[in-house]
Amino acid sequence: MSPYTSTLGGERHRFDSLARLLAAASPERSGDRLAGLAARSAQERVAARWALAEVPLTDFLTQPLIPYEDDDVTRLILDTHDAAAFAPVAALTVGELREWLLSEAADAVTLAALAPGLTPEMVAAVSKLMGNADLVAVARKVRVVTAFRSTIGLPGRLATRLQPNHPTDDPAGVAAALLDGLLLGSGDAVIGINPATDSPKAVRDLLELLDGVIERYAIPTQSCVLCHVTTSVDLMERGAPVDLVFQSIAGTQAANASFGVTLGLLDEAHEAARGLGRGTVGNDVMYFETGQGSALSADAHHGVDQQTVEARAYAVARRYDPLLVNTVVGFIGPEYLYDGRQILRAALEDHFCGKLLGLPMGLDICYTNHADADDDDIATMLTMLGVAGASFVICTPGGDDIMLNYQSASYHDALYLREVLGLRPAPEFEAWLGSIGLLDERGGIREVSGTTHPLTAIGRELAA
Amino acid sequence: MANGELWTALRRRTQARIGLGRAGSALPTRHRLELQAAHAAARDAVHSPFDPDAVAGRLPGMPTVRVRSAAPDRLTYLQRPDLGRRLHPTDRAHLPVGDWDVVFVVADGLSSRAVHEHAARMVRSTADRLGETWRVAPVVLAEQARVALGDDVAAAMGAKAVVVLVGERPGMSAADSLGAYLTYAPNPGVTTDADRNCLSNIRPPLGLDYETAAAKLAGLMERARELGGTGVRLKDETDPDGVVEPLL
């Protein structure tokens, strides 16, 4: 493997492999430092970027970062690479790809056609040469539209996941939080619960609760109780009302193994869920979560920096035409992303890389309380990701998740974002909001009274 | 039922921040400030310095010894969990070697507040329940410490088992939650999280109280000694509350 070199400030910098080069070119973050992969100085970081800019894109096809024989994600990436789709950029270097992506030539149609020709390593590499504004400008051009009972990703739209978690999965507590979210116009991407346990019985009870509400009020959305893929397969076999199959995924075979998943298991679940035919306007049935740091946390990163490994998880996701993919960007903790600045950068990178690879990218814009971040960081991230055209964001009551003990965006935050950027909910959900009296004359969410609105029946029965 | 009454009734079913009302699209001032107050309590818990003297003062009659991890300061500690798991090289020599059955390690973790409020009571309540056959080492008070530091401490002192009482990652509704991790025959660098048993959310009056937690912990310790190990095997013989939790 030929070394990569550049000269900066009179000093010759040498990077022994593509993986070393990518890691050194990455913006500063605590996870790469923890892994011993970060650039040793600010100058070395920039020197790596100079060298990276000169790398032909074809190098990523001939020099896998993790050996083909050792890793099924590498095999998936290389075996499914679409040479015809790649042709328009095949002669470019990483630096030239950046300029082409930013140019007018790279419009929505061109970028959609290019997606199967790009690999995760290529998009990760080019992201390292881009500023935050570049990541917004390019991602904004990309549109990925998916559908189940609502349509996600249309221009001018922003969907939300309503997340009514409860530490003991108490149905009354979940329903109370569900009502709160619906009255604030949330839930068009999915009504999704992180259950406190993965027991099939507990998951099924929650699925039936959500299915009952969706059916009773004819809400054009889908439910998901975020359990292990094997639990979903088991529940589907027993006739439980599964809309979407969820799974956390990562960018290496070994990291996926630490989650207890294989491509074979995902294939099986995907086929089973599609076979149920529960969608109305589409049949995209998978929901994936990812996040920088998971491969390092599982000691399964193979010396690849955390952002590049994260982009490789998107190759796993796109195999299944998912309805939703989101990075849980600040969840793992400050040993991976230290502060609001690092979390923002990672959010923009993940969104950009996922979109370029053809995924319906959303975000859980979040932090833990031991990271150096606060609600102003949430507002900054939300605004930038809204401008960048994120498909959806996750919302919790008051931005405080009492089950997972972390801070995320709130339903109010989503109202803010729709208002300042003129974004609207998914069209089917918007029509439903209108039909149930929750839209005001300007298309915003109306504040309603608990005494009159029909949805509050969900809560009145509980409160009685 | 009026709007306010409905939400008052529903809030009895969940601690989630529901029915907050609106100021335009945003939160009303009161709720915005309440969220900031809860976040501030959590942040302060993470960054409040550990006061080992205060904990030692609440352990009358029990000898104590102070150590630091290899993480030199809080900022490094938060970014380098590997350093928080290792003893500071010069502090290793402070630890008395002996034929101990168990050593209690009080570790600041992510909330020194949890440790200040709950750790001494947990050490005393648990030690009181152990039989005469348990030789208890001096209590180790460890700064900038993660759970696995206990493995290093136990190995340095020659203790057969270690109980780490550690401040848990603070949530907005709980900034003072203490965790207790039991490891039998710990081996630094080899022992993993799957080899431990954990009791979490020790935080009276809202969480687990001292007497219940100490009874569970002492019971686990007796069974660990019979089995010669902790972790999944031990979990199978305990009640559903004695679960292995994800570690910080």
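Asp169(A) sits in the loop that links β5 (159–162) to α11 (171–183) of chain A. The model described here is predicted, and in it Asp169(A) is buried but takes part in no salt bridge, since the nearest side chain of opposite charge, that of Lys201(A), is 10 Å away. The side chain of Asp169(A) does reach the backbone nitrogen of Ala196(A), at 2.9 Å. When neighbours within four places in sequence are left aside, the residues in contact with Asp169(A) include Val174(A), Asn194(A), Pro195(A), Thr197(A) and Leu206(A), as well as Ala196(A) itself.

Gly398(A) counts as buried because its relative accessibility is 9%, the limit being under 20%. Not counting residues up to four places away in sequence, Gly398(A) touches Ser410(A) in its own chain and Arg17(B), Leu20(B) and Leu35(B) in chain B. The C-alpha atoms of Gly398(A) and Ser408(A), which are 10 residues apart along the chain, are separated by 8.6 Å.

Chain B holds an open sheet of 6 strands with mixed pairing, in the order β1-β3-β2-β4-β5-β6. Because β1 (64–68) and β6 (197–202) of chain B stand at the edges and have a single partner strand each, one side of each is left without a neighbour in the sheet. From one strand to the next, the twist averages 20°. The pairings of these two edge strands are set out below.

| Strand pair | Direction | Bridges | A facing residue pair |
|---|---|---|---|
| β1(B) and β3(B) | parallel | 5 bridges | Val65(B) opposite Val140(B) |
| β5(B) and β6(B) | antiparallel | 4 bridges | Tyr181(B) with bridge partner Cys198(B) |

In a regular strand the side chains alternate between the two faces of the sheet. In β1(B), Val65(B) and Val67(B) make up a covered face, whereas Thr64(B), Arg66(B) and Arg68(B) make up an uncovered one.

Helix α7 (residues 149–157) lies across β2 (102–107), β3 (139–143), β4 (161–167) and β5 of chain B, and runs at about 140° to β2(B). Helix α8 (residues 210–227) of chain B packs on the sheet as well, where it touches β2, β4, β5 and β6 of chain B, and its direction makes about 10° with that of β5(B).

Definitions and conventions: Residues are numbered from 1 along each chain as its sequence is written. Chains are lettered from A and ligands numbered from 1 in the order in which they are written. This is a predicted model: local features need pLDDT of at least 70, side-chain atom pairs count only at pLDDT 80 or more; totals for chains, interfaces and linings use all residues. Side-chain values use heavy atoms; hydrogens and water are left out. Two strands pair if DSSP finds at least two bridges between them. Axes are lines fitted to C-alpha atoms, for helices over the stretch in contact, and angles run from 0 to 180 degrees between N-to-C directions. Contact means heavy atoms within 4.5 Å. Buried means under 20% relative accessible area, exposed over 50%, partly exposed in between (1.4 Å probe, protein chains only). Lys and Arg count as positive and Asp and Glu as negative; His and the chain ends are not counted. A salt bridge is a side-chain nitrogen of Lys or Arg within 4 Å of a carboxyl oxygen of Asp or Glu. A polar contact is a pair of N or O atoms within 3.5 Å; within protein, one must be able to donate a hydrogen and the other to accept it, and residues adjacent in sequence count only if both atoms are side-chain atoms.
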